[in-house]
Each structure stands twice: as structure tokens, then as C-alpha cells.
Amino acid sequence: MTYFIHIILNNIVPLAVMILIGAAMFRAFRLDIKTLSKLNFYVFAPALVFVKLYESELSVAILGQVLLFFLLFFTAISVMTELFVRIRRYKGGMKGAMRNSIIFYNSANYAIPLNQMVFVGDAFTLSVQMIVMMMQNLLPNTLGVYNVNAHKSSWKDILKTVAYLPTIYMIPLAFVLRHYQIAVPQPLSIPLHYIADGFMATALLTLGVQLGGMKWAFRFSDVLWSNFLRLCMGPLIGLAVVWLLGLHGVMAQALVLSCAVPTSLSSVLLAVEYDNEPEFSSQAVFMSTVLSMFTVTLVIYLLPYIG
């Protein structure tokens with residue numbers, strides 16, 4: 001019961017407040033969703049990725065194990081998602097929107113605070129989650145862009161779009177600077193931290209603005225299927241991969257927990273930026289966040305039995 005209340009008060013309620021503020025701002029001032037989307041893609045997200053990776057402490061051994069887990073997990077959930085998309089016979093942009101709503105999950109704003117709450121600020125489990133976050137920040141800016149553009153653009157155009165996204169360059173830059181212990185100059189470090197700290201608020205406000213502007217013709221079946229595959233099948237597949245690799249202890253628990261979080265805000269940002277099923281994507285994020293207070297609580301309760 002303590003976990004349940006803590007998750008609601010510290011994860012669900014704050015997210016909901018920010019989303020509602022964004023919706024209210026749209027209703028009052030008709031904010032431009034495209035401008036907010038570009039700020040997220042080209043300013044806030046790259047700064048967050050750089051700061052988090054530059055300041056994290058990751059050993060080569062941990063990095064290798066977590067990357068192997070993520071590769072197997074991502075392959076398994078992608079195959080499951082592709083089978084589901086084909087069974088449901090989705091057409092056009094809906095195929096990419098559904099894929100993004102399942103395979104991209106909130107590994108930063110939701111998963112990091114959740115990780116630190118469940119494991120009481122443990123630095124090791126935080127490092128595990130940071131690696132997952134790194135991969136989850138890279139994928140929306142590569143595969144995610146492809147998913148929402150594949151039905152209307154050529155490979156050449158998609159690669160050009162990906163090449164212009166700054167986030168994919170922040171990951172190697174952060175690792176190189178940290179490996180060679182190159183300090184970021186103070187005049188750059190301070191604004192980077194300011195911008196990174198603003199990512200969560202800006203992303204949630206963007207989601208709120210998108211929700212505030214929707215007609216709310218709720219796609220009940222599609223949204224619930226997306227939520228089921230993300231919130232229920234996600235941690236089950238994560239558990240299967242943990243057992244397959246023979247992982248134990250808090251690493252196994254942290255990895256399974258990392259798979260249980262709701263759909264990433266990136267799926268909404270991609271949908272808005274490239275005008276690809278923004279209403280479905282917004283509803284999938286919103287509903288998965290709400291429903292996660294039940295599913296994530298169950299996963300937390302079962303963690304002691306893992307590994």
C-alpha cells in the first residue's frame with residue numbers, strides 16, 4: 001500500500017498536473033505545438049542526454065551486460081509488436097505510431113525517479129537505468145523517426161532527417177569527454193544543466209498542449225491494446241530475458257522494472273513533429289501513464305521474487 005500511495009503522489013500526480021497546465025495553456029492561448037516540439041527535439045532532449053551520460057558512472061562490465069539485455073529485450077518486443085501490427089492490419093502512419101507507443105518507454109522522467117525510490121538511491125541500479133535511458137534516447141531519434149516517416153518518405157530522406165537531429169551526436173560526445181576526463185567549461189555547463197532540468201516540464205507541457213487541442217474521439221481499442229502490450233507484456237518479456245541470461249539480484253530487478261514503465265513522451269513528440277497520428281499517440285501516453293500506477297505497483301510487489 002505504501003508503494004501504491006508513493007507512486008501516485010510522486011509520479012502520477014506531478015505528471016498529471018503538468019499535463020493539465022499544458023492543456024489549460026492551449027485552451028487559453030492556442031499555443032503552437034510545432035514550436036514546442038522543435039524545442040524538445042533540438043534543445044531540451046539533447047541537453048538532457050548529454051548531461052545524464054556525462055555525469056553517470058558506468059563500468060565496462062555493467063555496460064556490456066545491460067546492452068546485451070537491452071538488445072535481446074528490444075528484439076523480442078519489436079517482433080511481438082510487428083506481429084500485432086500485422087494481425088490488426090494497420091495502414092499508413094498508424095503502423096509506425098503503434099510501434100512507437102509500445103517499444104519506446106519513459107526511461108528517464110518516470111523510470112529514474114522510480115528506480116531511486118524502489119532501490120533507495122542505489123548508485124548501481126541507477127547506472128543500470130542510465131544505460132537503458134541512453135539506448136531509449138537514441139532509438140526515437142533513429143528508428144522512431146523511420147517508423148513515422150517510412151510510409152511517406154524514401155530511405156535517403158529519412159537518413160537526412162535523422163542526421164539533422166542533435167541527440168544522436170550527444171551520446172558519443174558525452175562518452176568521449178568523460179573517458180578522457182575533459183571538463184565542460186563552466187559557461188557551457190551551467191546553461192546545459194538549466195536546459196536539461198527543463199526537459200521534463202517542457203515535454204509534459206507539450207503533451208498537455210497536444211491533449212488540449214484534440215477532439216477526443218477516443219480510440220479505445222487501439223489505445224488499450226497499446227497499453228496492454230507496453231505495461232503488461234513489457235515486464236514479462238524483460239523477466240524472460242533476465243532468466244535467459246541468468247542475471248540475479250538487484251541488476252535483474254532493476255532491468256525488469258525498467259521494462260515496466262509507460263509509453264515515452266518521445267512517441268508524442270515524434271507524432272507531432274512529423275504529423276503522424278498525434279491524437280492516438282497522445283492518448284496512448286496519457287492512458288499508459290495513468291494505468292501504470294496499477295501495473296508498476298504490481299511489478300514492484302513481485303520484484304523480491306526475481307533473481
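At what angle do helix α2 and helix α9 pack, and how far apart are their axes? In this predicted model, helix α2 (residues 33-55) packs on helix α9 (residues 167-179) at an angle of about 25°, and their axes are 9 Å apart. Local features here need pLDDT of at least 70 and side-chain atom pairs count only at pLDDT 80 or more, whereas totals for chains, interfaces and linings use all residues. Residues are numbered from 1 along each chain as its sequence is written, and side-chain values use heavy atoms, with hydrogens and water left out.

**Helix pairs**

- Helices are DSSP runs (H or I, at least four residues) numbered from the N terminus, and axes are lines fitted to C-alpha atoms over the stretch in contact, with angles from 0 to 180 degrees between N-to-C directions.
- α2 and α9 are therefore roughly parallel to each other (angles under 35 degrees count as roughly parallel, over 145 as roughly antiparallel, 65 to 115 as roughly perpendicular and the rest as oblique).
- The residues in contact (heavy atoms within 4.5 Å) include Phe41, Val49 and Phe50 of α2 and Met170, Ile171 and Phe175 of α9.
- By class, the contact of α2 with α9 holds 13 nonpolar residues, one polar and one charged (Ala, Val, Leu, Ile, Met, Phe, Trp, Tyr, Cys and Pro count as nonpolar, Asp, Glu, Lys and Arg as charged, and the others, Gly among them, as polar).
- The axes of α3 and α6 come within 10 Å and cross at roughly 50°, which makes α3 oblique to α6.
- The contact of α3 with α6 involves residues including Ile62, Val66 and Phe70 of α3 and Phe124, Val128 and Met135 of α6, and the contact has eleven nonpolar, one polar and no charged residues.

**Burial and core**

- Eight of the ten residues of helix α13 (residues 249-258) are buried, so α13 is largely enclosed by the rest of the structure (buried means under 20% relative accessible area, exposed over 50%, partly exposed in between, with a 1.4 Å probe and protein chains only).
- The buried residues of α13, among them Met251, Gln253 and Leu255, pack against α3, α5, α6, α12 and α15.
- Of the 95 residues in the largest nonpolar core, Ile7, Leu114 and Leu255 touch the most other members, and the largest share of this core, twelve residues, comes from α2; such a core is a set of buried Ala, Val, Leu, Ile, Met, Phe, Trp, Tyr and Cys residues joined through side-chain atoms within 4.5 Å.

**Leu192**

- Leu192, found in helix α10 (residues 186-197), is partly exposed, with a relative accessible area of 21%.
- Leu192 and Ala47 are 145 residues apart in sequence and 5.7 Å apart in space, C-alpha to C-alpha.

Notes. Helix = DSSP H or I, 4+ residues; strand = E, 2+ residues; numbered from the N terminus.
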